[in-house]
Amino acid sequence: MEDSKLSEFVLKISALWNDQKRREVLYLEALKKDSMGSLRKILTHGHFSALLFQKEIRWMYDYFKCFLTDKDLENSTETNADTVAYLHELDEKEQVAGYLKRTEGEILQSYRSLYKYLERDSESRRVVDEHLERISEFYEILSRQEIVKRKELSHVS
């Protein structure tokens, strides 16, 4: 990979690690809410997957980064307080599911943007593919949870 592309790739990997850190915090905060009921299992899985994905992203980052110019990931944590504050305003599990679904959608786009930097048969490509597959599953499950409330409302009308 040429130097300019490598530099872009490292920045995208760093941003992706921050996305996974945000994801970890959001799932953990959602687990603390009282009204999550049947959503608790998926929230727990989401939290643990975010932790695992951070470790795998760190592996990729450490492999590709320039030790002279690129900082360590732990020093770049940017958990947005507004993101967590907005989650606290949501009371119903369908609202939380919708918010988490939108977050997962944004992260899926970040992963897809990495493809132009990865060789088809590389270990990094395999990791990105696995993350994409798993996050897509979370996205689908959260989509179904978000729709539950809409169906209940349409049956009442």
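Biologist: What percentage of the 157 residues in the chain is buried?

Modeller: The model is a predicted one, and a residue counts as buried in it when its relative accessible area is under 20%. Among the 157 residues of the chain, the share that is buried comes to 42%.

Biologist: Which pattern does the chain follow along the sequence?

Modeller: The chain holds five helices and zero strands. Read along the sequence, the pattern is therefore made of helices, namely α-α-α-α-α.

Biologist: How are helix 1 and helix 4 oriented to each other, roughly parallel or roughly antiparallel?

Modeller: Two packed helices are described by the angle between their axes and the distance between the axes. For helix 1 and helix 4 (residues 93–112) the axes lie 11 Å apart and the angle is about 165°, and the crossing is left-handed. Because angles over 145 degrees fall into one class, helix 1 and helix 4 are roughly antiparallel.

Biologist: Which residues of helix 4 meet helix 1?

Modeller: On the side of helix 1 the contacts involve residues including Arg-23 and Tyr-27. Their counterparts in helix 4 are Val-96, Tyr-99, Leu-100, Thr-103, Glu-104, Glu-106, Ile-107, Ser-110 and Tyr-111.

Biologist: How many aromatic pairs are there?

Modeller: Rings are paired when their centres lie within 6.5 Å. By this rule, the count of aromatic pairs is six.

Biologist: Of what kind is the aromatic pair of Tyr-27 and Phe-138, stacked or tilted?

Modeller: The ring centres of Tyr-27 and Phe-138 are 6.1 Å apart, with 55° between the planes. The pair links distant parts of the chain, since Tyr-27 belongs to helix 1 (residues 3–31) and Phe-138 to helix 5 (residues 123–156), 111 residues apart. Both Tyr-27 and Phe-138 are buried. Because planes under 30 degrees apart count as stacked and those over 60 as edge-to-face, the pair of Tyr-27 and Phe-138 at 55° is tilted.

Biologist: Which residue lies over the face of Phe-138?

Modeller: The ring of Phe-138 also has a charged neighbour over its face, at 5.1 Å from the ring centre. For such an arrangement, NZ of Lys or CZ of Arg has to be within 6 Å of the ring centre. The residue in question is Arg-23.

Biologist: Is Tyr-63 buried or exposed?

Modeller: Tyr-63 forms a stacked pair with Trp-59, at 6.5 Å centre to centre and 25° between the planes. Being four residues apart in helix 2 (residues 40–64), Trp-59 and Tyr-63 are separated by about one helical turn. Trp-59 is partly exposed at 41% relative accessible area, whereas Tyr-63, at 61%, counts as exposed.

Notes: Residues are numbered from 1 along each chain as its sequence is written. This is a predicted model: local features need pLDDT of at least 70, side-chain atom pairs count only at pLDDT 80 or more; totals for chains, interfaces and linings use all residues. Side-chain values use heavy atoms; hydrogens and water are left out. Helices (H or I, at least four residues) and strands (E, at least two) are DSSP runs, numbered from the N terminus. Buried means under 20% relative accessible area, exposed over 50%, partly exposed in between (1.4 Å probe, protein chains only). A charge sits over a ring if NZ of Lys or CZ of Arg is within 6 Å of the ring centre and within 35 degrees of the ring normal. Axes are lines fitted to C-alpha atoms, for helices over the stretch in contact, and angles run from 0 to 180 degrees between N-to-C directions. Angles under 35 degrees count as roughly parallel, over 145 as roughly antiparallel, 65 to 115 as roughly perpendicular and the rest as oblique. A crossing is left-handed if the near helix is turned anticlockwise from the far one by less than a right angle, and right-handed if clockwise. Contact means heavy atoms within 4.5 Å.
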